[in-house]
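These are my notebook entries on a structure that I had not examined before. I set down what I looked up, entry by entry.

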Amino acid sequence: MSGDYNAITTTYKKRWAVEVFHKSLKSNASLAKSPTRTVRTQSNHVFMTICAAFKLECLSIKTQKNPFALCRKLLINASRAAYDQLQLLLAATA
């Protein structure tokens, strides 16, 4: 590999940003967990995961929080809301 130190580190920083985005797509937007079988549904799933990751990244910038921590916080809040709803349904049937 030829080039000076600054060129190499600049290239690596750009490459690393792509790796972090790819990890966010896989972990936070469930890119790899697609239950689809046809090309059209697979394409839709990939498009929607990119949209979800983009929105999460925008929210991350706005709130100054890590996208992974934000995703976990959203998951905890959704689980809490679902549990509260379950408790209301159980109380109504008792």
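Is Cys58 buried, partly exposed or exposed? I found Cys58 partly exposed, because its relative accessible area is 38%. The scale I use calls a residue buried under 20% relative accessible area, exposed over 50% and partly exposed in between, with a 1.4 Å probe and protein chains only.

Entry on the source. I note that this is a predicted model, in which local features need pLDDT of at least 70 and side-chain atom pairs count only at pLDDT 80 or more, while totals for chains, interfaces and linings use all residues. Residues are numbered from 1 along each chain as its sequence is written, and side-chain values use heavy atoms, with hydrogens and water left out.

Entry on the cysteines. I looked for disulfides, defined as pairs of cysteine sulfur atoms within 2.5 Å, and the count came to 0. Cys58 is in no disulfide, as the nearest cysteine sulfur, that of Cys51, is 11 Å away. Cys71 counts as buried because its relative accessibility is 14%.

Entry on helix α2. I take helices as DSSP runs (H or I, at least four residues) and strands likewise (E, at least two), numbered from the N terminus. Helix α2 has 25 residues and reaches 36 Å from its first C-alpha to its last, close to the 36 Å expected at 1.5 Å a residue; the expected span is 1.5 Å times one less than the number of residues. Which residues of α2 are buried? I list His45, Thr49, Ala53, Leu56 and Ser60. Their cover includes α1 and α3. An α-helix has 3.6 residues a turn, so residues three or four places apart point the same way.

Entry on two serines. Ser60, in helix α2, counts as buried because its relative accessibility is 6%. Leaving aside neighbours within four places in sequence, I found Ser60 in contact (heavy atoms within 4.5 Å) with Lys65, Asn66, Pro67 and Leu70. Ser24 belongs to helix α1 and is buried, with a relative accessible area of 4%. Not counting residues up to four places away in sequence, Ser24 touches Ala29 and Phe68.

Entry on helix α3. I recorded 27 residues for α3 and a reach of 39 Å from first C-alpha to last, close to the 39 Å expected at 1.5 Å a residue. Its buried residues are Pro67, Leu70 and Cys71, and what covers them includes α2.

Entry on the loops. Most residues other than glycine have a negative phi. Where does Ser30 lie? I placed Ser30 in the loop between α1 (5-27) and α2 (39-63). Although not a glycine, Ser30 has a positive phi of about 55 degrees. Ser30 counts as partly exposed, at 26% relative accessibility. Just after α2, Gln64 also takes a positive phi, of about 60 degrees. I placed Gln64 in the loop between α2 and α3 (67-93), and Gln64 is exposed, with a relative accessible area of 69%.
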